[in-house]
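Reader: Hey, I'm new to this one. Could you walk me through it?

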Amino acid sequence: MTTISIPEGSLYGLANLSYGVYSVAGQDPRVGVRLGDHVVDLALLLGDDVFATGSLNPFMAQGHERWVEVRASITERIQGDVPDAAVHDLGSVTLHLPFEVADYVDFYASEHHASNLGRLFRPEAAEPLMPNWKHLPVGYHGRSSSIVVSGTEIVRPSGQRKSPDEELPVFGPSVRLDIEAELGFVVGTGNEMGTSIPAEDAERHIFGVVLFNDWSARDIQAWEYVPLGPNLGKSFASTVSPWVVPLLALDAARVPTPGQDPAVLPYLQMRRPWGLDIEFEVDWNGQVVSRPPYAAMYWSPAQMLAHQTVNGAPSRTGDLFASGTISGPERDQRGAFIELTWGGTEPVEVNGVVRTFLEDGDEIVLSATAPGADGARIGFGEARGRIVGKA
């Protein structure tokens, strides 16, 4: 038996208890919880085979009451003696995609991001936002099979692209490859087809959150998206962090959403609309170039899930919906390089080199922290990806 020591100030203490899927050499993946710089095997800690699998989905499907019960049990047991076989140094394990992604929807919930892109793409328009934007959380259905865990290399996508001065499109690798710093919400339990999830009930369905980088080929996207929206410019890859921070750990991070004007329709109304005070960092080749604040997001997680199901569309365990790019009012709070460099016309300096979009060999790391219980701060791990050229 062993006693786990948690370093003072750790972002992965008792206030966090984020879930992941790990493996050691020669063994199948299993569910664990992160504690400091250790991974604790939950099947061995709790004596429950639902965690002796390579996915969080079976546990998430057990529902909200079970999530609360397990969190309390983990908190109690890891403060005592833990079986030696259950404890692994973080550096000695391989981390995997923590859940099986069922369906994936990407939203567009930042007013600052949507306004910036409106000004970039429609400079002649009097209003940067489209008429529907403040009435509903705009989103599109993405591709779940290309969501990968942090550390997976990202192959530069190819597709059709057409610049304004070209008569016809050409085919080739994207030359305006970008990121989108987002927060992803993991659905633990869904709704049956023909029903919906009320905004006030959403927190009983959202199991936890992950960091999410929605890699974006802006040149491919610009040519294809009219009139039906993103497709190949988005579907080639999205990166998630390997740790799912439970929504139960984020009570202290809840903040009111920005005021919504005009008033939203009844199905989107809440007694106390809540967002999350999560501070992001975007690291480009070792240099922090942006610090997007999630607290500035206009549409709340609960409103996004309520809108996604209001037409009777079913959701299920493992569904993932993402916030869309997180951007604040300042330039150094923009969560996409198309904004940060204003479409490439205002380059930034990265390690002494003038840059606009991503080049082969570039590595992007998203990280974030939030307030936790008893004054602690909690971490979300990282969403890391390096761009490699097309073979």
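Predicted model: local features only at pLDDT ≥ 70, side-chain atom pairs only at ≥ 80, totals over all residues.

Reader: Okay, so which side chain does Arg 218 meet in a salt bridge?

Author: That's Asp 178, and the N to O distance in this salt bridge is 2.8 Å. Asp 178 sits in strand 12 (residues 177–178) and Arg 218 in helix 5, so the pair ties together parts that are 40 residues apart in sequence.

Reader: And Asp 178, buried or exposed?

Author: Asp 178 is buried, because its relative accessibility is 0%.

Reader: How many salt bridges are there in total?

Author: The count comes to 23.

Reader: Which residues do salt bridges with shared partners join into one network?

Author: Asp 178, Glu 180, Asp 214, Arg 218 and Lys 234. So our opening residue, Arg 218, belongs to that network along with Asp 178, as salt bridges that share partners join them.

Reader: Switching topic: in what order do the five strands of the open sheet come?

Author: The order is 4-3-2-1-5, and the pairing is antiparallel. Strand 4 (87–89) and strand 5 (94–96) are the edge strands, each pairing on one side only. On average, neighbouring strands of this sheet are turned by 45° against each other, direction ignored.

Reader: How many bridges join strand 1 to strand 2?

Author: Four, between residues 19–23 of strand 1 and residues 30–35 of strand 2, and the two strands run antiparallel.

Reader: What stands opposite Val 21 there?

Author: Val 31, in strand 2.

Reader: And the segment before strand 1, what about Ser 10 in there?

Author: Ser 10 is found in that segment, and at 19% relative accessibility it counts as buried, because the cut-off for buried is under 20%. The side chain of Ser 10 reaches the backbone nitrogen of Tyr 12 at 3.0 Å.

Reader: Let's go to the surface. Which residues form a nonpolar patch?

Author: Phe 121, Tyr 225 and Val 226 do, with about 300 Å² of accessible area together.

Reader: Where is Tyr 225 placed?

Author: Tyr 225 is in the loop between helix 5 (218–224) and helix 6 (232–235). Its relative accessible area is 33%, so Tyr 225 is partly exposed.

Reader: I also spotted Thr 325. Where's that?

Author: Thr 325 is in another loop, the one between strand 22 (320–322) and helix 8 (337–340).

Reader: Is Thr 325 buried or exposed?

Author: Thr 325 counts as buried, because its relative accessibility is 1%.

Reader: And what separation do the C-alpha atoms of Thr 325 and Met 297 have?

Author: They are separated by 9.4 Å, while the two residues are 28 residues apart along the chain.

How values were computed
Residues numbered from 1 in each chain as written. Heavy atoms only, no water. Pairing = 2+ DSSP bridges. Axes fitted to C-alpha atoms, helices over the stretch in contact; angles between N-to-C directions. Patch = residues over 30% accessible without salt bridge, like charges linked within 9 Å, V, L, I, M, F, W, Y side chains within 5 Å. Areas by Shrake-Rupley, 256 points an atom, 1.4 Å probe, with all protein chains shown as cover. Salt bridge = Lys/Arg side-chain N within 4 Å of Asp/Glu carboxyl O. Buried < 20%, exposed > 50% of the residue type's maximum accessible area, 1.4 Å probe, protein only. Polar contact = N/O pair within 3.5 Å; in protein donor to acceptor, adjacent residues only side chain to side chain.
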